[in-house]
Every structure is written in structure tokens, then in C-alpha cells.
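Here's a quick briefing to read with the model open. Have a look at the fold, then work through the notes by topic.

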Amino acid sequence: SFDKAEERFFYYLYLNHNKIVFKSVTSLSKNLFLSREVTSRLISKMIREDKIRRSGNTITKIERELKW
């Protein structure tokens with residue numbers, strides 16, 4: 001399911017210190033053991049939800065500030 005794919009993506013981000021540099025979406029999807037289409041849709045979804053930022057071939061996690 002999409003939630004499992006998102007969990008896998010965030011775990012991969014965590015293992016890479018919240019920053020991923022990749023050659024192509026295809027190579028990234030192979031590292032995540034997901035199809036290229038699922039990886040591409042997941043990246044787009046998380047960008048829309050303001051969870052990650054993509055700049056070329058670099059993806060970084062957006063850190064949220066806690067508001068009290």
C-alpha cells in the first residue's frame with residue numbers, strides 16, 4: 001500500500017541523514033524496492049504535502065518546528 005511505501009521512503013531518508021542524492025528515479029526506486037511509477041507518484045505526493053523538498057536529483061526531508 002501507499003502508506004507502507006511512504007514508511008519505506010522515510011526510513012531510507014533516515015538512513016541517509018534526511019538527504020538523498022540519486023542519479024535517476026529508476027535508480028532510487030531500485031534502492032527502495034519499489035516500482036519507478038510508485039516512487040515517482042510518492043515523491044510528487046510528499047512534495048504536495050510539504051514533507052520533502054526536491055531540487056534536481058536531491059531530496060531532503062522538511063523538518064517541522066514544534067509549536068507549543
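This is a predicted model: local features need pLDDT of at least 70, side-chain atom pairs count only at pLDDT 80 or more; totals for chains, interfaces and linings use all residues.

Lysine 19 sits opposite threonine 60 of strand 3.

- Strand 1 pairs with strand 3 (residues 58-61) through three bridges, in the antiparallel sense.
- Overall, three strands make up an open sheet, ordered 1-3-2, with antiparallel pairing.
- Strand 1 (19-21) and strand 2 (52-55) are the edge strands, each pairing on one side only.
- From one strand to the next, the twist averages 15°.
- Helix 3 (residues 36-48) packs on this sheet and touches strand 2 and strand 3. The direction of helix 3 makes about 115° with that of strand 2.

**Helix 2**
- Which residues of helix 2 (residues 25-32) are buried? They are Val25, Leu28, Ser29 and Leu32.
- These residues cover an arc of only 100° around the axis, so they end up on the same side of helix 2.

**Aromatic pairs**
- The count of aromatic pairs comes to two.
- One of them is phenylalanine 9 with phenylalanine 10, an edge-to-face pair at 6.5 Å centre to centre, with 85° between the planes.
- Phenylalanine 9 is buried, at a relative accessible area of 0%, whereas phenylalanine 10 is partly exposed, at 22%.

How values were computed. Residues are numbered from 1 along each chain as its sequence is written. Side-chain values use heavy atoms; hydrogens and water are left out. Buried means under 20% relative accessible area, exposed over 50%, partly exposed in between (1.4 Å probe, protein chains only). Helices (H or I, at least four residues) and strands (E, at least two) are DSSP runs, numbered from the N terminus. The arc is that of the directions from the helix axis to the C-beta atoms. Rings of Phe, Tyr and Trp (its six-membered ring) pair if their centres lie within 6.5 Å; planes under 30 degrees apart count as stacked, over 60 as edge-to-face and the rest as tilted. Two strands pair if DSSP finds at least two bridges between them. Axes are lines fitted to C-alpha atoms, for helices over the stretch in contact, and angles run from 0 to 180 degrees between N-to-C directions. Contact means heavy atoms within 4.5 Å.
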